[in-house]
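This report examines one protein chain for a reader who is new to structural description. Please keep the sequence and the structure in view while reading.

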Amino acid sequence: GVLLLVLSFVLLYRHVFEKLIHDWYYDDNYSHGFLTIPLAFYQAWERREKFAATVNRPAWFGLVVVVGSLMVLMAGILGAELFLTRISIVGTLAGSALFLFGWQRLRVLVFPLGVLLLMIPLPAIIFNQIAFPLQILASRVGEFTLSSVEIPVLREGNVLILANTTLEVAEACSGIRSLVSLLTLGIMFGYFTDQRTWVRVLIALSTIPIAIIANAARVAGTGMAASRYGPQAAEGFLHESAGMMVFVVAFLLMIAVQRVLLRLAPPSPPLTVTS
């Protein structure tokens, strides 16, 4: 019965996954999507003993959730709305687990199911609402930094005009790419390094300001390099290398946050029972 359900799920969502994998491969903002499914499977497997020890009490409401998710899938297909078709994946899985195993066992699987949400690209309208303010913020920080080191600069929106070149803080340089990837990494890092929920949440949330600050520093550094060495410093290999280096620095800052939290609030030692 379970095998039949799995095969039905694969056939039903085959085209959705094909398009999703295409986006992971060609959209650098969501290349981390390839890691989310293996990680979700690992986290579900890690909970296998707790899952087995939990009461199995199937709930008919799960069938309602599955039907609702399939309606969302159909609405997404008919309306050519990719986000709806993809979000229905998680709804169908959650509803199936609820229908087969009940609320208590579903609760055990909440985190792995939540991780699957990270594989779904944001709708364009929401993505742009986040990306554009980040572009402006990075541009302003770049302008402030360049002015602070006495490099003449004029900012017009997200364009920095220098004496020898003009730099545009494009969407790819807004920091949204590093923000999405670093947030995913922060959730995984917190999960594997600490058992306390509040610490995991703080580590994940810390990635947001870290990504914004790191990207703003990258824009400022690119402006300095372009002012000194010309526009070629803001293009090609040097530009891509700077992006990779900034991401590494951001990851190290995230580790530093985890170390600080560990020092400020070390985990309680396990209780020992003496006879």
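The sections below treat the chain as a whole, then its helix packing, its sheet and several individual residues.

## Overview of the chain

The model discussed here is predicted. The chain contains 12 helices and 3 strands. It has 275 residues, of which 39% count as buried.

Contacts can also be sorted by how far apart the partners lie in sequence. Among the contacts with a separation of 6 or more, 73% are between residues 24 or more positions apart.

## Packing of helix α2

Two packed helices are described by the angle between their axes and the distance between the axes. Helix α2 covers residues 14-26 and helix α3 covers residues 33-46; their axes come within 8 Å and cross at roughly 125 degrees. On the α2 side the meeting residues are Phe17, Ile21, Trp24 and Tyr25, while α3 contributes Gly33, Phe34 and Ile37. Sorted by class, this contact of α2 with α3 has 6 nonpolar residues, 1 polar residue and no charged residues.

Helix α2 also packs with helix α6, which spans residues 82-101; here the angle is about 110 degrees and the axes are 10 Å apart. That angle makes α2 roughly perpendicular to α6. From α2, the contact involves Val16, Phe17, Lys19, Leu20 and Asp23, and from α6 it involves Leu82, Thr85, Arg86 and Ile89. The contact of α2 with α6 comprises 5 nonpolar, 1 polar and 3 charged residues. Phe17 is named in the contact with α3 and again in the contact with α6.

## The sheet

The strands form an open sheet of 3 strands in the order β1-β2-β3, and the pairing is antiparallel. Strands β1 (154-156) and β3 (166-168) are the edge strands, since each pairs on one side only. From one strand to the next, the twist averages 20 degrees.

How many bridges join β1 to β2? There are 3 bridges between β1 and strand β2 (residues 159-161), and the two strands run antiparallel.

Glu143 belongs to helix α9, which covers residues 124-148. Its relative accessible area is 23%, so Glu143 is partly exposed. Beyond its neighbours within four places in sequence, Glu143 is in contact with Val153, Arg155 and Leu160. The side chains of Glu143 and Arg155 are joined by a polar contact of 3.0 Å. Glu143 and Leu154 are 11 residues apart in sequence, and their C-alpha atoms are 7.3 Å apart in space.

The loop between α9 and β1 includes Glu150. Most residues other than glycine have a negative phi. Glu150 is not a glycine, yet it has a positive phi of about 65 degrees. Is Glu150 buried or exposed? Its relative accessibility is 72%, and Glu150 therefore counts as exposed.

## Ser69, a buried residue in α5

Ser69 is placed in helix α5, which runs over residues 61-78. With a relative accessible area of 7%, Ser69 falls under the 20% limit and is therefore buried.

Which residues does Ser69 contact, leaving aside its neighbours within four places in sequence? They are Tyr13, Ser88, Gly91 and Thr92. With Gly91 there is also a specific approach: the side chain of Ser69 reaches the backbone oxygen of Gly91 at 3.4 Å.

## Ile187 in α10

Ile187 is found in helix α10, which comprises residues 176-193. The relative accessible area of Ile187 is 22%, so this residue is partly exposed.

Not counting residues up to four places away in sequence, Ile187 touches Phe111, Leu118 and Ala204. Ile187 and Leu205 are 18 residues apart along the chain, and their C-alpha atoms are separated by 8.7 Å.

Conventions. Residues numbered from 1 in each chain as written. Predicted model: local features only at pLDDT ≥ 70, side-chain atom pairs only at ≥ 80, totals over all residues. Heavy atoms only, no water. Axes fitted to C-alpha atoms, helices over the stretch in contact; angles between N-to-C directions. Helix = DSSP H or I, 4+ residues; strand = E, 2+ residues; numbered from the N terminus. Contact = heavy atoms within 4.5 Å. Nonpolar A, V, L, I, M, F, W, Y, C, P; charged D, E, K, R; others polar. Buried < 20%, exposed > 50% of the residue type's maximum accessible area, 1.4 Å probe, protein only. Polar contact = N/O pair within 3.5 Å; in protein donor to acceptor, adjacent residues only side chain to side chain. Pairing = 2+ DSSP bridges. Parallel < 35°, antiparallel > 145°, perpendicular 65-115°, else oblique.
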